[in-house]
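Please open the structure in a viewer and keep the selection panel at hand.

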Amino acid sequence: MEKIPMTASGHAALESELKRRTSEERPRIIELIAEARGHGDLSENAEYHAAKEAHGLNEGRILEIEEQLSRAEIIDISKLSGSKTIKFGATVTLVDEDTEEKKKYQIVGDQEADVKEGRISISSPIARALIGKGKGDTVEVAAPGGARSYEVLDVKYR
């Protein structure tokens with residue numbers, strides 16, 4: 001079974017979601033199912049079918065989180081702080097060489113990625129291009145809109 005790289009904060013977020021889904025969502029949905037059953041004929045009861053669907057989705061997500069947590073390999077970013085090259089967990093400041101636009105990304109595990117929050121997946125094209133590079137290096141990234149060129153301005157581990 002392959003390990004899943006994950007930051008400590010990503011692991012904590014998954015544990016928090018698992019706890020919420022098992023201790024809050026599951027009982028709430030079970031209550032909705034029981035209430036909908038009390039309304040009579042189940043074959044034409046939209047509330048019952050919606051509650052059953054919500055139950056299935058919640059249980060599926062619980063299983064998914066439990067599987068991810070069981071395979072998690074927590075990477076302690078603080079131990080990488082002396083590194084000059086980009087590795088998992090690095091927060092990288094880049095400048096697009098065409099538009100001069102600055103971007104800041106942290107390289108995280110697949111399940112933690114959220115581009116809007118500045119977290120990109122280790123398996124994304126830009127992260128794969130950045131791994132092993134350092135401050136001052138230029139990287140070429142094959143993007144859906146065409147190749148992009150970035151200069152690495154800064155590498156931090158926080």
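Select Glu17 and Arg21 in this predicted model: their side chains form a salt bridge, with the closest N and O atoms 2.9 Å apart. Both residues belong to helix α1 (residues 8-37), where a spacing of four residues separates them by about one helical turn. Glu17 counts as buried at 18% relative accessibility, and Arg21 likewise counts as buried at 18%.

Continue along helix α1 to Glu25 and Arg28, which are three residues apart, again about one helical turn. Their side chains meet in a salt bridge of 2.8 Å, N to O. Arg28 is partly exposed, with 42% relative accessibility.

Next, select Asp96 and Arg148, a salt bridge whose closest N and O atoms are 2.3 Å apart. Arg148 lies in strand β7 and Asp96 in strand β3, so this pair ties together parts that are 52 residues apart in sequence. Asp96 is buried at 1% relative accessibility, whereas Arg148 is partly exposed at 29%. The salt bridges number nine.

Which residues have the most contacts inside the largest nonpolar core? Select Ile86, Val92, Leu94, Ile107, Ile126, Leu130 and Val152; the core has 18 residues. Elements giving two or more residues to this core are β3, β4, α3, β6 and β7, and α3 gives the most, with four.

Finally, select Glu97, Asp98, Glu100 and Glu140, which form a negative surface patch. Glu140 lies in strand β6 (residues 138-143) and is exposed, with a relative accessible area of 54%.

How values were computed. Residues numbered from 1 in each chain as written. Predicted model: local features only at pLDDT ≥ 70, side-chain atom pairs only at ≥ 80, totals over all residues. Heavy atoms only, no water. Patch = residues over 30% accessible without salt bridge, like charges linked within 9 Å, V, L, I, M, F, W, Y side chains within 5 Å. Areas by Shrake-Rupley, 256 points an atom, 1.4 Å probe, with all protein chains shown as cover. Salt bridge = Lys/Arg side-chain N within 4 Å of Asp/Glu carboxyl O. Lys, Arg positive; Asp, Glu negative; His and termini not counted. Charge placed at Lys NZ, Arg CZ, Asp CG, Glu CD. Buried < 20%, exposed > 50% of the residue type's maximum accessible area, 1.4 Å probe, protein only. Core = buried A, V, L, I, M, F, W, Y, C linked by side-chain atoms within 4.5 Å.
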